[in-house]
Amino acid sequence: ALRGRFQARVAGGLTRFIGRQHEVDTLSQALHQAAGGQGQVIALVGEAGVGKSRLVYEFLRSHHTQGWRVLESASVSYGKASPYFPVIDLLKRYSHIDDHDDTRTIRAKLTGQVLTLDAALQDVIPALLALLDALPDDSPFRQLDPAQRRQRTLTALKRVLLRESQGQPLLLVFE
């Protein structure tokens with residue numbers, strides 16, 4: 001599915017990518033440091049239309065990211081009401097959850113993805129299901145106060161992503 005203007009341009013074909021070598025080198029250096037165990041955060045900032053999405057698109061398809069597990073998420077204007085929207089989108093993509101999936105299918109896909117990664121992550125599943133509005137009504141997770149739920153949710157996300165990164169380097173892209 002096309003998520004925005006850039007994806008529509010990609011579908012229609014792109015011109016040759018030129019320039020931006022300094023930016024590509026900076027991204028490559030950060031990736032190299034991350035591969036060495038020094039986690040990195042990169043923010044691309046600029047006016048609309050200057051090529052941020054194209055730079056990310058080209059970099060992710062370059063030789064620099066070979067051998068990396070890349071998980072992408074995009075935010076949309078209607079998602080601004082939910083601070084977790086980009087994380088929910090990432091979790092859906094990670095678990096191969098489609099917009100038309102029912103609650104039972106969402107539970108099965110997420111549970112399967114997490115437990116296949118590591119059975120020791122069983123205890124994080126309720127927090128992740130809560131993010132996806134797929135938590136069973138009788139789950140004890142619902143009885144926690146909001147601060148506890150938030151903390152367990154953040155811990156769950158961190159544990160899954162850290163565990164995923166132990167199998168191969170992990171690159172998260174939030175646009």
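Serine 95 sits in the loop between α4 and α5, where helices (H or I, at least four residues) and strands (E, at least two) are DSSP runs numbered from the N terminus. Is serine 95 buried or exposed? Serine 95 is buried, at a relative accessible area of 3%; buried means under 20%, exposed over 50%, and partly exposed in between, with a 1.4 Å probe and protein chains only. Setting aside neighbours within four places in sequence, serine 95 is in contact with Lys109, Leu110 and Gln113, contact meaning heavy atoms within 4.5 Å.

A quick word on the model. It is a predicted one, in which local features need pLDDT of at least 70 and side-chain atom pairs count only at pLDDT 80 or more, while totals for chains, interfaces and linings use all residues. Residues are numbered from 1 along each chain as its sequence is written, and side-chain values use heavy atoms, leaving out hydrogens and water.

Back to our loop. Histidine 96 is also found between α4 and α5, but histidine 96 is exposed, at 52%. Its phi is near 60°, a positive value in a residue other than glycine.

Now please turn to helix α7. It covers residues 146–167, and its 22 residues reach 32 Å from first C-alpha to last, close to the 32 Å expected; that expectation is 1.5 Å times one less than the number of residues. Thr153, Ala156, Leu157, Val160 and Glu164 are buried in α7. Seen down the axis, the buried residues of α7 fall within an arc of 90°, so they line one face of the helix; the arc is that of the directions from the helix axis to the C-beta atoms. On the other side of α7, Lys158 and Gln166 are exposed. What do the buried residues of α7 pack against? They pack against β1, α4, α5, α6 and β2.

Finally, salt bridges: a side-chain nitrogen of Lys or Arg within 4 Å of a carboxyl oxygen of Asp or Glu. By this rule there are eight. One of them joins arginine 159 to aspartate 123, with the closest N and O atoms 2.9 Å apart. That pair links distant parts of the chain, with arginine 159 in helix α7 and aspartate 123 in the loop between α5 and α6, 36 residues apart. Arginine 159 is partly exposed at 29% relative accessibility, whereas aspartate 123 is exposed at 52%. Salt bridges with shared partners also join Asp98, Asp101 and Lys109 into one network.
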